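Thanks for coming, everyone. Please have a look at the structure on the screen, and then I'll walk you through a few residues.

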Amino acid sequence: MMARFQFDTVVLEVPDTLLTTSIAEKMATGGYERSEARAAAMRVRPGHRVLELGSGVGYISSLCAQITDPANIVTVEANPEVLGVIRRNLDLNNAAAVTLIHGAVVGRDFAEESVLFRIGRAFWGSSMAEDTASGDAVVEVPALSLCELLATHRPNVVIMDIEGAEQYLFDWKWPRHVRQLIMELHPSKYSSRTVKKMVDCMSQSGLTYDPGCSRGTLLGFRRASGD
């Protein structure tokens with residue numbers, strides 16, 4: 001069975017097997033990814049190239065496709081069980097030209113071609129597997145270098161919600177063509193020192209804290225004026 005949800009101008013269809021009670025309630029009441037949607041609507045502009053890390057079920061990329069050309073959007077998802085759902089939702093929202101890539105994003109020093117990925121009961125609880133003892137299904141997925149994604153697609157805006165794996169992506173300066181980062185933090189998965197490292201990396205890359213689109217654990221950065 002397929003559940004259907006309406007988010008203003010975006011419609012999503014999600015199989016019942018991927019829904020928990022809490023997710024279904026958030027989707028029914030408009031709370032699902034509300035902060036991310038607000039931030040994307042504020043900062044994505046016509047003509048922007050967008051890289052989304054962590055597609056979910058295709059909501060944010062579908063929303064961005066109503067602002068900029070869908071062909072300018074690349075969305076990356078590691079969970080193989082939701083790839084068909086994402087593609088269906090992109091098609092439902094006239095965003096078929098969005099590029100969907102399967103894989104888990106890794107840092108510059110990651111040398112392997114694949115990575116273990118844990119598939120949680122709820123699709124938004126899936127993440128890279130630190131160990132295999134949780135009882136959840138663990139699969140091997142392609143490892144995608146963030147450096148290569150940034151170099152190949154040259155996004156102006158990066159939107160990131162990757163369940164803690166963001167901690168590995170801030171060991172080098174980000175390129176100048178990135179004008180905006182919208183990132184969901186997962187502070188239960190790393191220390192405040194790691195958060196400081198991410199913030200410092202953005203500062204060294206010429207991006208500064210963006211209070212306008214930040215809210216709670218959603219953190220925004222904009223390229224500093226004149227940089």
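N93 sits in the loop between α4 and β5, the latter being residues 99–102. Helices here are DSSP runs of H or I with at least four residues, strands are runs of E with at least two, and both are numbered from the N terminus.

A word on the source. This is a predicted model, where local features need pLDDT of at least 70, side-chain atom pairs count only at pLDDT 80 or more, and totals for chains, interfaces and linings use all residues. Residues are numbered from 1 along each chain as its sequence is written, and side-chain values use heavy atoms, leaving out hydrogens and water.

Back to N93. Is N93 buried or exposed? N93 is buried, because its relative accessibility is 7%. Buried means under 20% relative accessible area, exposed means over 50%, and partly exposed lies in between, with a 1.4 Å probe and protein chains only. Leaving aside residues up to four places away in sequence, N93 touches T9, V10, V11 and S62. Contact means heavy atoms within 4.5 Å.

Next, N89. N89 belongs to helix α4, residues 83–92. Its relative accessibility is 0%, so N89 counts as buried.

Now the cysteines. How many disulfides are there? The count is 0, where a disulfide is a pair of cysteine sulfur atoms within 2.5 Å. For C201, the nearest cysteine sulfur belongs to C147, 10 Å away. C201 is buried, at 4% relative accessibility. For C213, the nearest is that of C64, 12 Å away. C213 is buried too, at 1%.
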